[in-house]
Amino acid sequence: MRKYIIQRFLQLIPILIGITFLSFAMMRVAGSDAVTEMYEYRGTAVSQEIIDAKKAELGLDQPFLVQYVSWLNGFLHGDMGTSYVSGKKVFDEFVSKLPATLLLTVMSILATVVIPLGVLAAVCQDKWVDLLLRFFSFIGNAMPNFFVAMLLMQLLSIKLNLLPVIASGVNIRSALMPMLTLAISMSAKYMR
């Protein structure tokens, strides 16, 4: 069993490299670059010489494969670069958001698994409970997450004033609305 798991992890390496390569290539084909986006985001007009100097500083004047290998090398050594929006290290930003992400993930999975709506629908097959759950399952599958989130914000934050629209800090109260958004979608899929 251990040999099988190790073999599967080794097979994962070329897949991850392929995904990063394709993502890197799609960003290149997108037509814009980080330097242009950075200056447009800041709303400052700069000369082409400054843009070219910044591209040379970041290595964006290099050929595609050289850029990719340089990025991959930095990524493998823990250097994800610097955000041109916040000016902070991307890895530090990633680590700072990890507790909130993990809390939201655990809460939404628990809400999906702990409430066995699919079992209830199966036990009450063709009764009003099953028909009601089936109806909400179809609705939950049909609505995109962003729309469910807007409905929940309207109901729970604006109308009932129970939860904050924009939360500060990592706590259960701030994660309730995103958890409900994810749990509604996942429960609808698992219930079917």
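D126 is exposed, with a relative accessible area of 56% (exposed means over 50%, buried under 20%, partly exposed in between; 1.4 Å probe, protein chains only). The model is predicted: local features need pLDDT of at least 70, side-chain atom pairs count only at pLDDT 80 or more, and totals for chains, interfaces and linings use all residues. Residues are numbered from 1 along each chain as its sequence is written, and side-chain values use heavy atoms, without hydrogens and water.

D126 sits in the loop between α6 (117–123) and α7 (128–142). Helices here are DSSP runs of H or I with at least four residues, numbered from the N terminus. Phi of D126 is positive, about 65°, although D126 is not a glycine. N161 also has a positive phi, near 55°, and is a residue other than glycine. The loop between α8 (145–159) and α9 (172–191) holds N161. N161 is exposed, at 62% relative accessible area.

A100 belongs to helix α5 (residues 90–114). A100 is partly exposed, at 34%. Its C-alpha atom is separated by 9.4 Å from that of I172, 72 residues apart along the chain.

The lining of the largest pocket comprises 34 residues. A pocket is an open set of points on a 1 Å grid over the protein atoms alone, where a 1.4 Å probe fits, with protein on both sides within 12 Å along at least five of seven lines; lining residues have an atom within 4 Å of a point. F24, A34, L58, L60 and W71 lie nearest the centre of the largest pocket. α4 gives the most to this lining, with 6 residues.

Terms used: Helix = DSSP H or I, 4+ residues; strand = E, 2+ residues; numbered from the N terminus.
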